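Hi there,

Here is the structure I promised to pass on. Please have a look through it, and then read on for what I found.

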Amino acid sequence: MSTPCYEFFCPVKIVAGTRSLEHIPHELANFAASRPLVITDQGVRKAGLVKYIEDAFNSSNINIVDIFDDVPPDSSTLLVTQIANLYRKLDCDSIIAIGGGSVIDTSKGVNILVSEGGDDVTAYSGVDSLKKPLKPFFVIPTTAGTGSEVTSVAVIADPIKNIKVVFTCSFLLPNVAILDPRMTQTLPPQITAATAMDALTHAIEAFTCMGKNPLSDSYATAAIHKISQNIINVMEKPDDEMGRLELAQASTMAGIAFSNSMVGLIHALGHSLGATCHIPHGICMNIFLPHALDYNLRHGENTLGEVLLPLAGAEAYANTPANQRPQAVIDYIHKLRDELHTRCQLPRSLEETGRVEQAQFAKIVELTVDDAALILNPIEVDREDAMTILKRAW
Amino acid sequence: MKEESNNLKTKLRDGYLNAMLGVIARSLCAMSKFDATLQKELEGIPDNFILQMKVLPDVAGMAVQKNAKGQLDYLGKEPNASEGQKANVVIAIKHPELAFLVFSFQENNAQAFARNRTIIEGDLSMAMRMIRCISHLEVYILPKAAAEKALKRYPAISLLEKTRTAAKIYGHLTLDLLPGKTT
């Protein structure tokens with residue numbers, strides 16, 4: 001059952017579909033902005049994706065002031081300060097982030113500094129530290145998984161204190177998110193699969209954890225349906241523009257869902273595995289998804305069965321007795337993971353990653369029980385429970 | 001007449017919230033002196049760490065601090081800013097009526113989070129540890145029926161163990177409240 005009291009907030013304008021990038025100059029003008037700084041990374045630059053944006057500005061009366069294309073996979077607060085100084089030096093008035101989670105979170109940090117002032121972004125860490133809207137901020141995701149384009153959170157490493165600093169505030173939400181299928185078309189197969197499983201996990205946890213509500217449910221189920229309908233087709237035909245767009249939209253919808261209902265055990269385990277063994281987040285989600293769902297189900301979780309309808313379709317749902325639907329969801333996910341492993345060797349177990357040792361389990365368990373995502377998991381999880389799930393996922 | 005009745009109701013509610021938070025804080029401090037599970041959780045928390053819980057807008061509150069012995073000291077309704085005390089983690093409930101739902105066991109802590117009634121500020125991993133400490137305390141100081149509502153899972157403990165631990169908590173609590181004791 002959905003929570004009888006909830007909050008739901010998503011003011012991000014979504015511009016989605018073919019040739020969406022060409023909408024950007026007009027959208028910038030709507031915010032009275034004309035001097036955008038583009039922030040991206042070398043991978044995006046080398047894949048030729050920045051060229052699409054440059055072309056979109058060529059026939060407009062707005063020019064990109066500069067392109068900072070050196071955001072690393074693990075960004076830092078020092079880099080945020082460096083880019084903020086560049087923004088100020090060039091007298092920019094808006095930010096366009098092109099990339100995945102690291103680029104988007106870095107750009108959120110830059111937007112804090114250039115809007116609020118100062119050189120130390122950590123001064124604005126924590127919950128609701130910002131009290132006014134920031135500079136116009138556009139996001140163009142180049143993966144279909146994180147949902148960062150519609151979340152109010154940024155996580156940036158502080159290399160001096162050696163900690164991850166968390167920023168949570170509705171003012172961090174971008175003004176506009178642009179979903180153009182060209183931006184995900186060149187994603188390699190394994191990243192396509194891992195990010196899709198990340199989005200699927202966002203949606204399933206949004207639907208099954210304690211913060212679920214009628215609005216997040218509608219986004220979550222629509223996202224699950226789009227992913228299950230398109231993931232294998234896109235793996236088969238990576239150039240399928242409409243399939244890519246469907247996955248991008250699903251990722252955004254899953255992002256809207258989980259940012260309004262939060263996540264649970266799968267993310268707690270995934271954050272901890274990622275922090276300990278430096279395994280990409282999407283792979284962590286793929287590994288833990290069925291095992292954590294199985295744990296919750298065996299201890300009394302009671303909404304998973306309804307996931308079968310968007311996941312497997314109306315016929316499978318109708319043909320499965322109600323009491324068997326939760327297990328059918330888990331079986332479906334196992335089959336999907338096997339298919340993705342066959343197609344792109346996406347690891348299904350901790351052992352298959354080749355980067356995890358069982359001696360690391362104790363540390364992963366400690367991090368898991370300290371992860372705030374556990375608060376809204378529908379079932380209690382203690383150290384012994386987390387260890388059991390890790391062993392099952394081995 | 002109606003206004004007087006409402007005022008009385010509000011005063012009783014706010015008094016109850018202050019009493020409950022005071023009992024939780026002082027019991028937590030008492031339990032930290034002998035309970036191995038609580039002490040193990042506190043090992044992962046830095047010395048001088050301060051947890052503050054409050055009901056907005058400044059209706060009720062409590063603050064506890066971890067000392068160098070690995071135990072908790074009661075600081076009062078809030079950290080003493082003039083002595084340089086500042087909470088590392090603040091758990092705030094948005095309104096006294098919402099807090100009453102939690103402390104009268106109509107909603108458990110997790111439900112209050114899920115319903116956006118509670119705000120956590122500060123280091124979330126430390127907040128998780130402190131929430132586990134409070135949950136562990138509630139197992140022993142609350143009647144089983146209330147604890148089952150307050151927690152996601154009530155552990156399998158015997159009545160004897162529950163009674164014995166509760167007696168120890170209240171024993172330490174009484175000693176702490178004796179004249180001359182600061183915590």
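This is a predicted model: local features need pLDDT of at least 70, side-chain atom pairs count only at pLDDT 80 or more; totals for chains, interfaces and linings use all residues.

Where the two touch, domain 1 of chain A contributes 17 residues and domain 2 of chain A contributes 20 residues. On the domain 1 side of chain A, strands S1 and S9 each provide at least two of the residues that touch domain 2. That side of domain 1 of chain A is made up of eight nonpolar, eight polar and one charged residues.

Now to the sheet. In chain A, six strands make an open sheet with parallel pairing, and their order is S1-S9-S6-S4-S2-S3. Which strands stand at the edges? They are S1 (13-16) and S3 of chain A; each has a single partner strand, so one side of each has no neighbour in the sheet. On average, neighbouring strands of this sheet are turned by 20° against each other, ignoring direction.

S2(A) pairs in the parallel sense with strand S4 of chain A (residues 94-99) through four bridges, and A:Pro36 sits opposite A:Ser94 of S4(A). S2(A) also runs parallel to strand S3 of chain A (residues 66-68), joined to it by three bridges; here A:Leu37 has A:Asp66 in S3(A) as its bridge partner.

How do the side chains of S2(A) point, and are they buried or exposed? A:Pro36 and A:Val38 point one way, A:Leu37 and A:Ile39 point the other way, and all are buried.

The bridge partner of A:Val139 in S9(A) is A:Ala177. S9 of chain A is also one of the strands that supply residues to the contact with domain 2 of chain A, as noted above.

Finally, there is a helix to look at. Helix H5 of chain A (residues 101-116) lies across S2, S4 and S6 of chain A, and runs at about 165° to S4(A).

Happy to talk any of this over once you have had a look.

Best wishes

Key
Residues are numbered from 1 along each chain as its sequence is written. Chains are lettered from A and ligands numbered from 1 in the order in which they are written. A residue is buried if 20 or more other C-beta atoms lie within 10 Å of its own, exposed if 12 or fewer, and partly exposed in between; C-beta atoms are placed from the backbone. Two strands pair if DSSP finds at least two bridges between them. Axes are lines fitted to C-alpha atoms, for helices over the stretch in contact, and angles run from 0 to 180 degrees between N-to-C directions. Two residues are in contact if their C-beta atoms, placed from the backbone, lie within 7 Å. Ala, Val, Leu, Ile, Met, Phe, Trp, Tyr, Cys and Pro count as nonpolar, Asp, Glu, Lys and Arg as charged, and the others, Gly among them, as polar.
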